[in-house]
Amino acid sequence: MSTNLPANFDAFFQEIARSLGAEAVNRSEETLIRYGENTMPGGDRRPAGVVYPGSTAEVQTVVRAANTHRVPLYPVSTGNNIGLGSRSASTAGQVILDLGRRMNRILEINDRLAYAVVEPGVTYQAMYDELVRRGNQLMLDVTSGPPQGGMIGNSLDKGAGYTPYFDHFGFSCGMEVVLGNGELLRTGDGSLDADTLVNWHTSKYSFGPILDGLFTQSNFGVVTRMGLWLMPRPPAVQSFHFTFPDDDDLAEVIELCRPLKLSNFVPTLFRVANDLYLTASEGESPEARSGRSLSNDARKALQQKHGVGAWTVSGGFYGPNEAAIAPMIQRVRDHFGKSGKARYIDHQQAQSVPTLQVAINAFSGKPSLGELGLLKWHPGGGNIWFTPGTPMDGAVANEFQTLCRGIYERHGLDYTVMNVCGARFARGLHVITFNREDQDERQRADACYREMADAFAARGVFVGRAPLDYHALHFGQTMPGFQSACNAVKRALDPNDVIAPGRYGMA
Amino acid sequence: MQTHFTATQLQDPGIAEADTILRTCVHYGFCTNTCPTYVLTRDENESPRGRIDLIRAMLERGGVPDAKTVAHLDSCLSCLSCMTTCAVKVDYAHLIDRARVHIEQHFNRGLTDRLMRALLATVLPRPRLFLALLSAGRLAKPLAALLPGRLRVLLTMIPARITPDVLTSQVFPAEGTRRYRVALLAGCAQQALDGDINAATIRLLRRHGCEVVIAPESGCCGSLPLHMGREADAKGYARANVAAWMREQAVGLDAIIVNASGCGTTVKDYGHLLGDDDARRIAALTKDVSEFLADIGLQAGHLPAYRVAYHDPCSMQHGQKVIEQPRALLRAAGLRVVDVPERHFCCGSAGTYNLLQPAMAKQLGERKAAHIVSTDPDIIATGNIGCMTQLAHHLGRPVVHTVELFDWATGGPRPAALDSVTLREPAPEIQTDSAPAANAGFW
């Protein structure tokens, strides 16, 4: 906290109960235990209570009360970012501001201009259901993570999907934010002081600075409403897949993908997944309790069982029908065929392979559960994600593979990664699953993450999204000027440091 | 999750199984997102992982469970939505069943509760007895307001329209050449409430070349007593069915057909319930009627493209994972299938749940009804008698079984339940069921 005044939790909860009703506050023992749980190595973080606002005005009431009583709030939307923090706060003793329970309304869907306006509790599944109900003319971009994840929370944490609208923050337009000082802000064209706002969710770049980015991966305010752009649903989606036998084939895969994205010939991102990323969702590691990385023999056996090689590339096309797409797929087949090592898996075949069906669902804007199975690879409830990136340069990508594979193996963990490839850059989603109840495994997972974070930073590569345990670490990796600018904004917009102190390293 | 059972406790196979299941739960919390009772209450003890913790404590402690634990476990729908969502596939179904057995054996419920449960467990599995009470109940319905809580609920839940038809054991020959020989689980409560379902099923199967057998001495599947913790009763029903169908299998049986998905989930799990080879054989032969028809192929349908809101029974989507087949068959029948938003959510029927937990069941029923209405359907269809009754009650309009539509499409009569419904002439649409048509918008 920026002042020395102690937090007065009792007075805060009394004020919230008075203003919002007693049912808006939950301090039951079970709730406090569960809201403190997460999957990270650092342990659980028991909050002081949970508050459920029902509107933007109620969020303002809560934030103002937090300022009055110096109480730290930790906003969550649906709390589904498993592996990055779940619903647990930056530190124990914060008050969870659970926006998902009551602020879960779809405020608007504009079918002609193809956008939706939502509150923080609106999930991918809820939006998908609503679009289907309205005739299935529009497609949302989804993650391959939990269908019950929140659209706003994912956008603000810089989450992404796989369709042409993959960049969730990039395809958002117009926010409503309760700042840390309790004031209300509308961004973009919503900043106009008018009763009717025509372009709030259609235009981002009208008069004045673009403030929206301030509320991604930050703790300056609470976003209570956001516009999100939607894509007209294509009548046909056809995926294509190529699998490569050897680990070092990654270099060639990246080289093959790049021109297809630079030209935008392929409209989806490429999912370039290694063997374990695809197969780990289908069962438990046969050597889960060995304390060592999976043996090469076991890895080869898994590849054989699931019909995939060391790396598998997935992409997709959209069109009016399958026949119209077929020539485009043929061009991609010809292109990958140059390699001589790629084995083609067509759309129909892929539909019967659960791990590839996940990709088809993702390209089709359909939420699905398949990838959550990754979490049971190493039983015991531990899971963190390390998300550095690589330029779309095969040699560099392969160098990073060698680096990470070595670090995983040194810590007795299984190298499990998917590179999500655009034109110039690929985000590497590295999964670490471990037994959280075993101190040795917990320590190895933690040490593995930290070693990779240091190694990549030393090579000039930063992470994207990060587990809450490592926010301070990553903020500490930034240049002094960045830190002082962030802290200055924090002081300006949240002078009493009531919004998620410590989140993203800023307090 | 760590457990602390003693070696003596673990000698009990039921406890040993519960221990194994409990250890797989790691509290990711995905289950809470899709658990109806948690979503409505935000009470951790009303969530699967909260209940799992309560079960662990109850079984570890042994003996008489506390009333709070019993209340939270009683309010579980056993919809198994949590099992679909769970990343590590905790076997919640068998865990909650074990907990219910423990409660039944150790907890002294109040007199009213005991009587109510005994009444349901005795009457519902016996269709003729149920029919007699149903008829008496219909006469008494105008007096419902004068009755105490649960009895009032019982009476108000009696459907306005019942078409009982309790089948005796018999063989219905195939039309034309016999291609398959199948046994049909005639069911218990369903026969008293809606005989049209079995009639349509039998017509449909015969039309598709099936000889249909109602096996002597087959009856209630045991699901209702099982989910009330009366495991011994459930096993008794299950053993009788296994014996009955094994006799038929000796003659030759291609499948055991179930048209009430709640029963289907239980019969498919006979291997676990009885733990013997015959039970496993029977379980492996069992198919929901829509699964079987999808396998053998539905004759070409000719219905106009009415909008059908298809409601997934939990036992179908979460219990049996039969999700696409009913939709594909409805489309093959010429109908336009519309999905109901929040389809992973229970309608509140859940066996006897809407009779034992009426307040929660009412909330869920109303929520589901609102979602169904939002799809602007001509027809509402589902595959489980419990859901049909619950939905019709909260919608105030008829709900048909999917087999009635398959039957109608392939030459059977229009479902009688739709007599009071005026179906709109289907409008020409520019889209298919799963995506816009090729001439829609830019595409």
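Buried here means under 20% relative accessible area, exposed means over 50%, and partly exposed lies in between, with a 1.4 Å probe and protein chains only as cover. This is a predicted model, in which local features need pLDDT of at least 70 and side-chain atom pairs count only at pLDDT 80 or more, whereas totals for chains, interfaces and linings use all residues. Residues are numbered from 1 along each chain as its sequence is written, chains are lettered from A and ligands numbered from 1 in the order in which they are written, and side-chain values use heavy atoms, with hydrogens and water left out.

B:Lys321 counts as partly exposed because its relative accessibility is 45%. A positive phi near 60° is also found in B:Glu342, again a residue other than glycine, in the loop between β7 and α22 (353–356) of chain B, but B:Glu342 counts as buried at 15% relative accessibility.

**Strands and sheets**

Strand β13 (residues 270–274) of chain A has 5 of its 5 residues buried, so it is largely enclosed by the rest of the structure. In a regular strand the side chains alternate between the two faces of the sheet. On one side of β13(A) lie A:Phe270, A:Val272 and A:Asn274, on the other A:Arg271 and A:Ala273, and all are buried. Two strands pair if DSSP finds at least two bridges between them; β13(A) is joined by 4 bridges to the antiparallel strand β18 (residues 417–421) of chain A, and by 4 bridges to strand β14 (residues 311–319) of chain A, also antiparallel. A:Arg271 stands opposite A:Val420 in β18(A) and has A:Ser314 as its bridge partner in β14(A).

In chain B, an open sheet of 4 strands has the order β7-β6-β8-β9 with parallel pairing. Its edges are β7 (336–339) and β9 (400–401), each with a single partner strand, so one side of each is left without a neighbour in the sheet. Strands β6 (residues 307–310) and β8 (residues 379–382) of chain B run parallel and are joined by 3 bridges, with B:Ile380 in β8(B) as the bridge partner of B:Ala309.

**Salt bridges and cysteines**

The structure holds 61 salt bridges over all chains, each being a side-chain nitrogen of Lys or Arg within 4 Å of a carboxyl oxygen of Asp or Glu. Three of them are listed here.

| A:Asp469 | A:Arg45 | 2.5 Å |

A:Asp98 lies in strand β4 (residues 95–98) of chain A and B:Arg42 in the loop between α4 (36–41) and α5 (48–61) of chain B, so the pair joins two chains; both residues are buried. A:Asp440 and A:Arg444 lie in helix α13 of chain A, 4 residues apart, about one turn of the helix. Of this pair, A:Asp440 is partly exposed at 43% relative accessible area, while A:Arg444 counts as buried at 15% relative accessibility.

A search of the whole structure finds 0 disulfides over all chains, a disulfide being a pair of cysteine sulfur atoms within 2.5 Å. For B:Cys210, the nearest cysteine sulfur, that of B:Cys263, is 20 Å away, and B:Cys210 counts as buried at 0% relative accessibility.
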